[in-house]
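I opened the model to look up its confidence, its strand pairing and its ring contacts. My entries follow in the order I made them.

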Amino acid sequence: MAVEELVELKFRLADGSDIGPIKYSSSTTVGFLKEKIIAQWPKDKENGPKSINDLKLINAGKILENNRTLMESRLPLTEVPGGVITMHVVVRPLHLDKNTGNPQKNTFQCIIYILHIRDDFR
């Protein structure tokens, strides 16, 4: 019987604080990790995530998919033997309706910058 590898993870929030470190099985899904993050989200922080879809986990510059396991996500497990892997947590910003003040669903914001080069600078 193979021994399942445990991975020690901590989750870095935008303000620099951490959740963890906690050990997880390499067969743990990213969706399960997000559920744990929501359950352990600091109560004093505003605009915490409400569902796993409000969160993105980033490790080594890669956004991890909810349905994949830690092993499938190819974390750098052997990079730091016995070390803690830090994942960055990004929360989808809450957008409020300008008229009602209620949260909007399925809203995305896009900002487009237009660069205009003046003729006298060429």
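**Confidence and conventions**

pLDDT is the predictor's confidence in each residue, from 0 to 100. This is a predicted model, in which I needed pLDDT of at least 70 for local features and 80 or more for side-chain atom pairs, while totals for chains, interfaces and linings use all residues. Residues are numbered from 1 along each chain as its sequence is written, and side-chain values use heavy atoms, with hydrogens and water left out.

Over the protein the mean pLDDT is 78, and 68% of the residues score at least 70. I noted that residues 107–111 stay under 50 and that the model has three contacts for them beyond four places in sequence. Contact here means heavy atoms within 4.5 Å.

**Fold and totals**

I listed one helix and five strands, in the order β-β-α-β-β-β along the sequence. Both kinds of element are DSSP runs numbered from the N terminus: helices are H or I with at least four residues, strands are E with at least two.

The protein has 122 residues, of which 25% count as buried. Buried is under 20% relative accessible area, exposed is over 50%, and partly exposed lies in between (1.4 Å probe, protein chains only). I read an accessible surface of about 9,300 Å², with 53% of it on carbon and sulfur atoms; the areas come from the Shrake-Rupley method with a 1.4 Å probe, and for residues only the protein chains shown count as cover. Of the contacts between residues at least 6 apart in sequence, 50% join residues at least 24 apart.

**Strand pairing**

I counted two strands as paired if DSSP finds at least two bridges between them. S1 and S2 run antiparallel and are joined by six bridges. They form a hairpin with five residues between them, and Gly-16 in the turn has a positive phi of about 95 degrees.

S1 also pairs with strand S5 (residues 85–91), in the parallel sense, over four bridges. I looked up Leu-9 on both sides: it stands opposite Ile-22 in S2 and opposite Ile-85 in S5. Lys-10 has Thr-86 as its bridge partner in S5.

S5 pairs with strand S3 (residues 55–59) in the antiparallel sense, again over four bridges. There I found Ile-58 bridged to His-88.

Which residues make up the covered face of S1? I found Val-7, Leu-9 and Phe-11 there, with Leu-6, Glu-8, Lys-10 and Arg-12 on the uncovered face.

For rings of Phe, Tyr and Trp (its six-membered ring), I took centres within 6.5 Å as a pair, with planes under 30 degrees apart stacked, over 60 edge-to-face and the rest tilted. By this rule I counted one aromatic pair. Phe-11 and Tyr-24 form it, edge-to-face, at 6.3 Å centre to centre and 65 degrees between the planes. The partners are 13 residues apart, Phe-11 in S1 (residues 6–12) and Tyr-24 in S2 (residues 18–25). Phe-11 counts as buried at 1% relative accessibility, and Tyr-24 is buried at 7%.

**Ser-26**

Buried or exposed? Ser-26 is buried, because its relative accessible area is 2%. Beyond its neighbours within four places in sequence, Ser-26 is in contact with Glu-4, Glu-5, Val-7, Thr-69, Leu-70 and Met-71.
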